[in-house]
Amino acid sequence: MQRISQLAVSKGTPAFQAIKRLRSLPKASFSSAAEPEKRKTTKLREMFYKKDLDFLMEAHNGLSAKIVQEAGFKGIWASGLSLSAQLGVRDNNEASWTQVVDVCDFMTECTDIPILLDGDTGFGNFNNARRLITKLERCDIAGVCMEDKLFPKTNSFIDGELQPLADIDEFCGKIMACKDTQKDPDFMVVARLEAFITGYGLDEAYRRADAYHRAGADAILCHSKKKDDSDIKAFMEAWGDRCPVVIVPTKYPDTPVDTFRDYGVSMVIWANHNMRASINAMQQVTQDIYDTQSLVGSEKPGVIATVPEVFRLQNTGELKTAEALYENPTEIHKRMEPARPMKTSE
Ligand code: SPV
Ligand code: MG
């Protein structure tokens, strides 16, 4: 076997370092006998079903998804509001469902943690919704949340009372179609209750949650726009632990998460805070550069990320490693099968 020092790369170069790193990896890293990674769907399902409260943090593109993972979150909320905002359009299904899937594909590619997509109303009827499921499974999205409103949807915080709810049977059929379509048994279909948003009370919310659960929904997202957690408290008291409940406390941020724990909530979604943080940061830096015609105010630690930090987030080092393997004739020839005469058939 050739030694690293025999390869046609000079000592101390990034390529040399990269080959050295590769050589030092344990054999199991390359072996098919290595323990298979849990599927993202399984990871998400476990987050929902385990006893303690868990959290999903919003992301809206590959970069923000990676930042969420690096912060330590175990799962990502691919927010419809944030995805549309970063595309510069409204949260009214102006981005087509394939454009949303394209963004999801980038997000899953650069992360290992599961992603729950905000699937709005499923982009149409049961048939559009189940086609969405098929595509999401292909790009390794772990679950989808669908809300009981009409296509095209409007964000829940824009004139919520004026938004019509879906017919219960129609929405149950949509959930069933999604559950019947998914191939991975752990893929999560979350049914989102908009009853409180549209001004109904607990009775209607419960009636709907009950129907959606019996239609096969794996979890219920109970949405509320109140400034306190009273809708959530009432719902949790009535619902108990029939299935996991997810909440989005954007409008009631003062309630401590321990209160949600006490209610028995399974998951909290921090729904749009990366997108909103980025708007603030971009507005400030852009305005400063415009006003001063200079980069001096922004090229400071803590104001903008350094360029090497951008490279790190893009995993630039991995490409160096790959180049040392796939653009290095010595490495290539070493790994090639020995020449054999062509087998001819009798
Ligand atoms: C989203 O993040 O797109 C949501 C949550 O649907 S909310 O905007 O709070 O309705
Ligand atoms: Mg949304």
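This is a predicted model: local features need pLDDT of at least 70, side-chain atom pairs count only at pLDDT 80 or more; totals for chains, interfaces and linings use all residues.
## A helix, its neighbouring strands and a ligand shell

Helix α6 covers residues 126–138. Its buried residues are A129, L132, I133 and L136. They lie on the same side of α6, because they cover an arc of only 105 degrees around the axis. An α-helix has 3.6 residues a turn, so residues three or four places apart point the same way. The length of α6 fits too: at 1.5 Å a residue, its 13 residues should span 18 Å, and the end C-alpha atoms are 19 Å apart, which agrees.

Now turn to strand β3, residues 115–118. Here I115 and L117 point one way while L116 and D118 point the other, and all of them are buried.

| Partner of β3 | Residues | Bridges | Sense |
|---|---|---|---|
| β2 | 76–78 | three | parallel |
| β4 | 143–147 | three | parallel |

L116 has a part in both pairings: W77 has L116 as its bridge partner in β3, and L116 stands opposite G143 in β4. From β3 the chain crosses through α6 to β4, a β-α-β crossover that is right-handed.

What surrounds ligand 1? The residues are S79, G80, L81, D118, N155, S156, V248, T250, A271 and N272. By class, this shell holds three nonpolar, six polar and one charged residues.

How values were computed. Residues are numbered from 1 along each chain as its sequence is written. Chains are lettered from A and ligands numbered from 1 in the order in which they are written. A residue is near a molecule or strand if its C-beta atom, placed from the backbone, lies within 6 Å of it. Ala, Val, Leu, Ile, Met, Phe, Trp, Tyr, Cys and Pro count as nonpolar, Asp, Glu, Lys and Arg as charged, and the others, Gly among them, as polar. A residue is buried if 20 or more other C-beta atoms lie within 10 Å of its own, exposed if 12 or fewer, and partly exposed in between; C-beta atoms are placed from the backbone. Helices (H or I, at least four residues) and strands (E, at least two) are DSSP runs, numbered from the N terminus. Two strands pair if DSSP finds at least two bridges between them. A crossover is right-handed if, with the strands pointing away from the viewer, the path from the first strand over the helix to the second runs clockwise. The expected span of a helix is 1.5 Å times one less than its number of residues. The arc is that of the directions from the helix axis to the C-beta atoms.
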